[in-house]
Amino acid sequence: MIMEQKKETVAGRVLARITNEHLVPRPRWEFIWKNYFFWTLGALAVAIGALAFSAMLFEIENIDWRLSVATHTSLWSFFLDAAPILWVSVLALFILVGYGNIRRTKHGYRYPLAVIALGAVLTSFTLGGAFYAAGFGGEIEEAIGDHPPFYRPILLEERSWWLAPQKGLLAGQILSFVPGTTSFVLRDLNGRIWNIEGDELHSADRAIAAQGGIVRVVGTPTTATNSVFHACFVFPWRTYNAFFSLEGFPVSSSTFMLVSSSSSERNGAVARNDSCKGIRPYEKLRAIDEAGL
Amino acid sequence: MPPEMSDEEIVRRTLLNKDEFALLIERYEAKLSRYLERLGVGIREDREDILQNAFIKAYKNLNSFDPTLAFSSWMYRIAHNEAMSFFRSKRARPSIVLDDEDRDFFAEMRDENSDTSEIAELRLSREELEKAFSKIAPLQRDVLTLRFFEDRSYAEMSDILEVPIGTVSTLLHRAKRALRAALPKPFEL
């Protein structure tokens, strides 16, 4: 009778269910591991965010926004083309994932959203800065950035901006240049050979060209079938070599010397003209040219 | 069994002998049943089912109980979550159910107001109070219930609702403002 009454109470029913269903408390280690699991996921997410940030820093450092006056009609259109959207998205996503996981830890709910989010952002930035300083930024951009089908690394994107002779933009390796002449031969980033007329180049531009290597040339627009390009400005392109070696670039300096010494068929001096004055961002480019890149 | 035995001590003993769990159930059954009723679980059988599930869940997760927070907060949290699951399964959240004793609510609430001079003498019927509560958001009802009916501290509410203490404070402030707006004019707080 007493047992019957006991079973009628909540305590009685709960204990009966525990006995009948052979329920036992889950072991402590399960909870400890669960807690570690979420902390680890949170930390991993923040670390991935940090890698994204280092790649972003790499892009920001290597993309030359000062020459956007030549490649884009406005700074805004340059920003839209050059913004490291993939990395910003990855950073934001993994900071959110990190927040979600930290929130699931034992005491995660006690921390305000702003504290966790700010902590995750600051940790990602600090760690990302360290990764970048250690040289991971370029590695990540190169290793991961080229794989998503919807994304092309910004530095490869930038190359395409400079393969537009019809817009007066050309980039490539200088193959030959003889002091005292105004023209040089350039192989563009697609491997095509161009004769570059340099009669309007200032001495600073010529000095840059004389150094060889990869350069960007702003000139008067020309047709794609033409192999002569009239140069107005020459800017050095100090960029991440891995992006060039991916496509067979750069040509080694010994090749440069070899071609230089056999450039007897190079164009002669061309009469000086003022066609460069007609290119649209002339004054801005002149200012950049004078300030030096 | 010494009457002063703490909840935490009973938890330790329960891990060795499941029958000890009855002590915790008996200690919290009435309180939690009342809390569930205030949350809107009006039918006694439903409350008992929710309580039973809550205690079973507590038993199964006894090793996850964190002694740095009060056992009562942990138990309230489980009961609260069970009640929310119950409401979700019913796809309905009834309004608060009060009894005459709950009319002391305003005295409690008045104590928290800094400017007591503006507080009117409150003579609300239970129905009027319930009606005002039905007009505010469920989460706001929950925080008011925990704070003024269950006498929970901000820290305990934070542990029960699993939100930061700052959020509890904000929620409570908004809940009081919402309730003030929902009250009949002569009874504004």
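I began with chain A, where I found 13 helices and six strands (DSSP runs numbered from the N terminus: helices are H or I with at least four residues, strands are E with at least two). I am working on a predicted model, where local features need pLDDT of at least 70, side-chain atom pairs count only at pLDDT 80 or more, and totals for chains, interfaces and linings use all residues. Residues are numbered from 1 along each chain as its sequence is written, chains are lettered from A and ligands numbered from 1 in the order in which they are written, and side-chain values use heavy atoms, leaving out hydrogens and water.

**Chain A overall**

I looked up burial next: 45% of the 293 residues of chain A count as buried (under 20% relative accessible area; exposed is over 50%, partly exposed in between, with a 1.4 Å probe and protein chains only). Among contacts in chain A with a separation of 6 or more, 72% join residues 24 or more positions apart (a contact is heavy atoms within 4.5 Å).

**Aromatic rings**

I searched the whole structure and got 17 aromatic pairs over all chains (Phe, Tyr and Trp rings, the six-membered one for Trp, with centres within 6.5 Å; planes under 30 degrees apart are stacked, over 60 edge-to-face, the rest tilted). I noted A:Phe131 and A:Phe136 as edge-to-face, because their ring centres are 5.8 Å apart and their planes at 85°. A:Phe136 counts as partly exposed, at 41% relative accessibility.

Which residue lies over the face of B:Tyr76? I found B:Arg152 there, 4.3 Å from the ring centre (the rule is NZ of Lys or CZ of Arg within 6 Å of the centre and within 35 degrees of the ring normal). In chain A, the charged end of A:Arg216 sits over the ring of A:Trp237, 4.6 Å from its centre.

**Largest pocket**

Of its 25 lining residues, the closest to the centre are A:Lys34, A:Lys106, B:Ser64, B:Arg77 and B:Glu162. Helix α3 (28-62) of chain A gives the most to the lining, with six residues.

Technical notes. 1 Å grid on protein atoms, 1.4 Å probe; cavity = no way out; pocket = protein on both sides within 12 Å on 5 of 7 lines; lining within 4 Å.
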